[in-house]
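Please look through the sequence and the 3D structure shown here, and then read the briefing that follows, which goes topic by topic.

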Amino acid sequence: MIPVRTMTILFLVAALGYVALSYLTFRVPETLEEAELCGFIEGDFTAAGQLAYPPVEAWWVSFTRMQEYWTTVSVGLAVAFIGFALIAGRRAGGGAATGAAMGGGVLALSALCVSCLAPVLSVVGLGIAGTLLAGVPKWLIALNTLLLTGWGTMFLARRLASCALPTRTSPATAN
Amino acid sequence: MTRHFLFGVAAAALFAATPVSATDYSTILKPAKPGMPLAHPIATNDIPPPPFSLIKDRPVRPAYVPGLPGLPQGRAVTDDFGRKPPKFDGVFIRQSRVENGEVVIPPGGLMYHEDTWGGEVALRGEQVPLLGRMATYVDYDMSIVVKENVTIPAGQSVVVGGTVYQYYATVGHNKTANHTLHVKTIAGTDWEWAFGSPVLSMTQPDWWGGQQFTQLYNQGKASEVTPQKTVFEWLSGVRMDRIVLADEKVFAGLAGAGEEVKAGDRSIKVASIDEAAGTVNIEVIENGNAVLTKTLGPVQNELLIEDTTARKALVFEHGDTIGFLSPWPEAFKDGKANLKIYAKAQSLRFGEDYAGDQRFAVYPVGCPTGHNFGFMLVNKEEIRLKPGSSVDGPEGYFKIAVEKVEGDKVLAWHVADKQGNRSVNLGGPEITNVDLVLGQGRVAGQAILKDVGRQMLARTYNNMQANAATAAASQTAAPTIATAKQAEPQPAPAAPLSPGLIAAFGVLALGVGAVGYEFGRRRAKS
């Protein structure tokens, strides 16, 4: 049984959380070089050398031009899957579910490594992953995440269904 | 001496030679709105502009170099209020030629241009690159030059102060016509992007402003406008007479009465503060004696920063010390005055020698609103370059080197920065000068393209083709002789499949297989 509602909520929370994090960590670029990394072009600057957009619009322009919506989808899918895997793991007692949860985490990180949060990750030594994935389009990462989390979800659901495990009961209801 | 004389004559010839009028143009020129004073005084003297300021003297089939590591482009600098305007190094060579096996660059032909994308504004602590180091732009003197009886033949240009007017186009409509002027600086900055272009007409009175135009303090009144020429009764243009750049900031903050600030061998003392009147009295003290006393303020917010009187009321200057009462965020707080004081200040004066390298004359470039648009350094004397020789730019900031000349062709030459980074070979079998446009600023990357961009592109392509043909021929003729290494166009590399991309497609295949497997199992069970 796939907990669709729980996974949907997790997806939405993670996706919105990523969008919020992206907004909070966004810094209006100060040089043309910085601006190019964030998806801006020379024409986005005023004659006075300042970005022509107010901060919120500047973030949105960068977000859409950098196709961060794909990263949002990837992170949402990965977190939703991690949630499901943890639920399954609690019921199944580990093994495949724990591995699946870790796999979901890796997927989420791989999406983040090529996102606009990547520079932050380099602080904790994850910049190299971003380098490896630099040539991979974000839509492909999102598609892979969808396939792998879809497969993982179906796999865990099958395992749960084939070896029905007793649901955990509290001491109060055990009597 | 002769070369100096020629330099002066050439410069003077550019300048419309009518004397400054006795008419009081401060009552004729229009301010921005009724009651507002003119921001800049009317000039009382003529100063010749740099040679080759006219449009006809633009570089001829110039080589283009986008920049070099030591001649940076789009470098963001700072000011005290968070603005970060990009700055650009520009190098231009005009009217060069080959003569008796030597390359000749006439006086004024070599120009370094500190260019900026936005106007440089005084009193804001803006950093301005000065041949590789940073100085603070503190204050300036700008004036309005007015010339009388100025004729501009169609297609040609004249210089008024630091402003260049070109009679650019005539467009007919029935039996009527309109006539467009292009307004530029002596450096080539085209004000079209900021202020549009004035259009005059004697025959379309309801479409245009008639025979008079106003572009801030660039203004004019024509007596005759025909497809052949425009004759102005009077024509005004701004001239940036001086900018002050300081190397060292010695104080910025609140100073109370009695406090003293050291600036080299001098000290600046806050003698008294009258916050109610909005004034502070300062004394500049040398060897225990007050050599300058001045009352700074009150702040006239409505007229800052460009109005000369309002700005000068806040500024004091003595020797290489300069400072001002800063109005931002507030001029006074808790009984103290908000002062900014700088040492090691130098003035760059229009048409005078550049102190750092006397081979060059300096020309600050002004925007009619009262902002600075960089400065030019131009060679005062003729430069002659034999093959194998080079000439240093101001303070050795860059170098122009000629390697090979044959007949009237410059087969090999380059520009290099101070660190020795060289451009590609800019010469070739069809190149007859060393005219150059280097940079990406308002002039090199924008305005001048309107004048010589087409030539420049054609020259670049043709020269690449000619050099490639020459290289191929020399290889065929003498395959054992190594040819000079040149940058040649490389075919665009095909987009490589990176290891990451290969892995991602592998994962995609794996995922499709895995999902297919799961669907297959479920279908088999059902």
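**Strands of chain B**

In E27(B), B:Ile383 is the bridge partner of B:Ile105. This is a predicted model, in which local features need pLDDT of at least 70 and side-chain atom pairs count only at pLDDT 80 or more, while totals for chains, interfaces and linings use all residues. Residues are numbered from 1 along each chain as its sequence is written, chains are lettered from A and ligands numbered from 1 in the order in which they are written, and side-chain values use heavy atoms, with hydrogens and water left out. Helices (H or I, at least four residues) and strands (E, at least two) are DSSP runs, numbered from the N terminus.

- Strand E5 (residues 102-105) of chain B is joined by three bridges to strand E27 (residues 383-385) of chain B, and the two run antiparallel; strands pair if DSSP finds at least two bridges between them.
- Strand E4 (residues 97-99) of chain B also pairs with E5(B) in the antiparallel sense, over three bridges, and B:Val98 stands opposite B:Val103.
- From E5(B), B:Glu102 and B:Val104 point one way and B:Val103 and B:Ile105 the other way, and all are buried, where buried means under 20% relative accessible area, exposed over 50% and partly exposed in between, with a 1.4 Å probe and protein chains only.

**Backbone features of chain B**

- The hairpin of E4(B) and E5(B) has two residues between the strands, and B:Asn100 there takes a positive phi near 55 degrees, although B:Asn100 is not a glycine.
- B:Asn100 is exposed, with a relative accessible area of 72%.
- B:Arg61, in the loop between helix H1 (2-14) and strand E1 (63-65) of chain B, has a positive phi near 40 degrees, and B:Arg61 counts as partly exposed at 30% relative accessibility.
- The peptide bond from B:Leu304 to B:Ile305 is cis, with omega near 15 degrees, and the one from B:Trp328 to B:Pro329 is also cis, with omega near -5 degrees.

**Helix H1 of chain A**

- Helix H1 (residues 4-25) of chain A has 22 residues and reaches 31 Å from its first C-alpha to its last, close to the 32 Å expected at 1.5 Å a residue, an expected span being 1.5 Å times one less than the number of residues.
- Buried residues in H1(A) are A:Met7, A:Ala14, A:Ala15, A:Tyr18 and A:Ser22.
- Seen down the axis of H1(A), the buried residues fall within an arc of 95 degrees, so they line one face of the helix; the arc is that of the directions from the helix axis to the C-beta atoms.
- The face of H1(A) turned away from the buried side carries the exposed residues A:Arg5, A:Val13, A:Leu16 and A:Leu24.
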